[in-house]
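Please look at the sequence and the model first, and then read the points below alongside them.

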Amino acid sequence: MKSKRHTEELVIKELAEGDKMLREGKTVAEVARHLVVIKTSWHRWKNTYGEVKAT
């Protein structure tokens, strides 16, 4: 079985960081490149964890 690269906690932290970058005017492509993921993963994370707030 394929192991997960990103834990749920890491995904939530990266979503918070990415959202901050988006508010600063970065594009989704720039955010994904910074987080070393593909845009599809970013959108999947937003759909799955978008309502969860980083603590």
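Helices (H or I, at least four residues) and strands (E, at least two) are DSSP runs, numbered from the N terminus. Read from the N terminus on, the elements of the protein chain follow the order α-α-α, so the chain has three helices and zero strands. The model is predicted, and local features therefore need pLDDT of at least 70 while side-chain atom pairs count only at pLDDT 80 or more, although totals for chains, interfaces and linings use all residues. Residues are numbered from 1 along each chain as its sequence is written, and side-chain values use heavy atoms, with hydrogens and water left out.

**The chain as a whole**

- Of the 55 residues in the protein chain, 27% count as buried, where buried means under 20% relative accessible area, exposed over 50% and partly exposed in between (1.4 Å probe, protein chains only).
- The protein chain exposes about 4,500 Å², of which carbon and sulfur atoms supply 52%; accessible areas come from the Shrake-Rupley method with a 1.4 Å probe, and for residues only the protein chains shown count as cover.
- Among contacts (heavy atoms within 4.5 Å) between residues at least 6 apart in sequence, 49% join residues at least 24 apart.

**Helix α1 and the segment before it**

- Helix α1, residues 8-23, has 16 residues and reaches 23 Å from its first C-alpha to its last, close to the 22 Å expected at 1.5 Å a residue, the expected span being 1.5 Å times one less than the number of residues.
- The buried residues of α1 are Val-11, Ile-12, Glu-14, Leu-15, Gly-18 and Met-21, and what covers them includes α2 (28-35) and α3 (39-49).
- His-6, in the segment before α1, is buried, with a relative accessible area of 17%.
- Leaving aside residues up to four places away in sequence, His-6 touches Val-11, Glu-14, Val-37 and Trp-45.
- Just after α1, Gly-25 takes a positive phi of about 105°.

**How α2 meets α3**

- The axes of α2 and α3, which are lines fitted to C-alpha atoms over the stretch in contact, with angles running from 0 to 180 degrees between N-to-C directions, come within 9 Å and cross at roughly 95°.
- The helices α2 and α3 are therefore roughly perpendicular to each other, a term for angles of 65 to 115 degrees.
- In this contact, Val-28, Ala-29, Val-31, Ala-32 and Leu-35 of α2 meet Lys-39, Trp-42 and His-43 of α3.
- The residues of the contact of α2 with α3 divide into six nonpolar, one polar and one charged.

How values were computed
Angles under 35 degrees count as roughly parallel, over 145 as roughly antiparallel, 65 to 115 as roughly perpendicular and the rest as oblique. Ala, Val, Leu, Ile, Met, Phe, Trp, Tyr, Cys and Pro count as nonpolar, Asp, Glu, Lys and Arg as charged, and the others, Gly among them, as polar.
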